[in-house]
Amino acid sequence: MPAKADLYRTAARMLGTIDKSGWVLRYRYGDRRLLEDVVLPALNRDPGVETLLLVGCAWYTRHYPQLLPRKRVTTMEIDPAKAAFGGDSHIVANMTDITERLPPESLDGVICNGVLGWGLDEPDAVEAAFAGAVVCLKPGGLFLLGWNDIPPRNHCPPESISALGRLEAANIPGLEIHSLVALERNQHCYQAYRKPEKG
Ligand SMILES: C[S@@+](CC[C@H](N)C(=O)[O-])C[C@H]1O[C@@H](n2cnc3c(N)ncnc32)[C@H](O)[C@@H]1O
């Protein structure tokens, strides 16, 4: 583990140096472009959004907090070694334990991209993680799900997840649509939900 953590830290440092030169190394696929060039900037412009949680960190997401400079961004990742790719505010945790780490109704948005089917796999764990996210969202808060509708990643499709039934369908930030396939090759889908307002 320390070897992996060292490797990630070194990679994050090198990438950070390159980033500062203005040349941000990132994936150029359409699904990433949509997230980075449309969805996250739309959230950054939204005056109703203050606090965001980004779940799952990788070398290619290290700059996501910087795409949201007006917001208070926290990252969460189960793998301690990947903290190197997290934001300044970072939580090492399983998303299933989200309510132990964040207060109820404290978040305006949860971005959960590439976690369902990528480690968050078992139905009970998925329910615990998403139900916890619902608890931590403020009324009206956004839950943006990114997932791959292709085996073996689609073992728990969204329509089978009861916790999502407590949310309303919403538009993906920056778009006038609730869900879409952002990349055909791996059936990477985005779909957006909102926690109902009280009353
Ligand atoms: C495919 S990467 C996706 C990273 C990123 N969210 C993105 O936009 O692509 C999946 C990441 O989610 C993390 N992960 C998987 N299950 C998790 C869980 N239950 N709680 C927190 N992180 C988890 C993995 O360790 C991995 O780093």
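Buried here means under 20% relative accessible area, exposed over 50% and partly exposed in between (1.4 Å probe, protein chains only). The views below come from a predicted model, in which local features need pLDDT of at least 70, side-chain atom pairs count only at pLDDT 80 or more, and totals for chains, interfaces and linings use all residues. Residues are numbered from 1 along each chain as its sequence is written, and side-chain values use heavy atoms, with hydrogens and water left out.

**View 1. Thr-74 in its strand.** Let's start with Thr-74, which sits in strand E2, residues 72-77. (Strands are DSSP runs of E, at least two residues; helices are runs of H or I, at least four; both are numbered from the N terminus.) Thr-74 counts as buried because its relative accessible area is 14%.

**View 2. The surroundings of Thr-74.** Contact means heavy atoms within 4.5 Å. Beyond the neighbours within four places in sequence, Thr-74 touches Leu-52, Leu-53, Leu-54, Ser-89 and Ile-91. With Ser-89, there is also a side chain to side chain polar contact at 3.0 Å. (That term means a pair of N or O atoms within 3.5 Å; within protein, one must be able to donate a hydrogen and the other to accept it, and residues adjacent in sequence count only if both atoms are side-chain atoms.)

**View 3. Stepping back to the protein.** Here you can find 4 helices and 8 strands, running α-α-β-β-β-α-β-α-β-β-β-β from the N terminus. Of the 199 residues, 48% are buried. The C-alpha trace spans about 50 × 35 × 35 Å along its principal axes.
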